[in-house]
Amino acid sequence: MRLFQLEQATPVVPAPGLALPGLDGTMHQLSDYQGQVVVINFWSTWCAPCRREMPALEKAWQRLKPAGVVVLAVAMQDDPEMVRRFLQESGVTFPILLDQDGKASQQWSFSGIPATFVLDKRSRIIYRAMGLREWDSDEIIHRLIELAERE
């Protein structure tokens, strides 16, 4: 059952800043996505549960894009070439950001990966998910679409 649940963030707090390059070198800042619901997934290619949940996150993103929900994944302390290889094998197309030294990720409150945070349109942490989730489940998809439509 846990695979389909998102934990309500209590209290609701502003998300820490995030400014990281994507695999293509383009800088992504959290402020670029102000006014959108954002799902931020912290992961690494050496993490088996992370690799396992990525296809479901990709399927979720394909269903969430029309509602304006953004999915970003932060590859923590990972080799960019390993990330590129994984993306080619898995077919993941949403933006992957590189936190090679892990410093940006340290500003977020989690102790293991995968760790995922859902931000509302005001960049506040509304939900969190520590560990593997089935992101493409109807339950999670509907909750995220409702959040995007509500604000």
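**Aromatic contacts, core and disulfide**

User: Leaving aside neighbours within four places in sequence, with which residues is W108 in contact?

Analyst: The model is a predicted one, in which local features need pLDDT of at least 70, side-chain atom pairs count only at pLDDT 80 or more, and totals for chains, interfaces and linings use all residues. Residues are numbered from 1 along each chain as its sequence is written, and side-chain values use heavy atoms, with hydrogens and water left out. Contact means heavy atoms within 4.5 Å. With neighbours within four places set aside, the partners of W108 are A15, P16, G17, L18, L30, I40, F42, F117, L119 and I125.

User: How many aromatic pairs does the whole structure hold, and what is the geometry of F42 with W108?

Analyst: Rings of Phe, Tyr and Trp (its six-membered ring) pair if their centres lie within 6.5 Å; planes under 30 degrees apart count as stacked, over 60 as edge-to-face and the rest as tilted. A search of the whole structure gives 7 aromatic pairs. For F42 and W108 the centres are 5.4 Å apart and the planes stand at 50°, so the pair is tilted.

User: How many residues apart in sequence are the parts that F42 and W108 tie together?

Analyst: Strands (E, at least two residues) and helices (H or I, at least four) are DSSP runs, numbered from the N terminus. F42 belongs to strand β4 (residues 38–43), while W108 is in the loop between β6 (96–99) and β7 (115–119). The pair therefore ties together parts separated in sequence by 66 residues.

User: Is F42 buried or exposed?

Analyst: Buried means under 20% relative accessible area, exposed over 50%, and partly exposed in between (1.4 Å probe, protein chains only). F42 has 0% relative accessibility, so F42 counts as buried.

User: Which residues have the most contacts inside the largest nonpolar core?

Analyst: A nonpolar core is a set of buried Ala, Val, Leu, Ile, Met, Phe, Trp, Tyr and Cys residues joined through side-chain atoms within 4.5 Å. The largest such core has 55 residues. β5 gives the most to this core, with 7 residues. Those with the most contacts inside the core are F42, I96 and W108.

User: Which cysteines does the disulfide join?

Analyst: A disulfide is a pair of cysteine sulfur atoms within 2.5 Å, and the structure holds 1. The link is right-handed, with 75° about the S-S bond. At an S to S distance of 2.3 Å, the disulfide joins C47 to C50.
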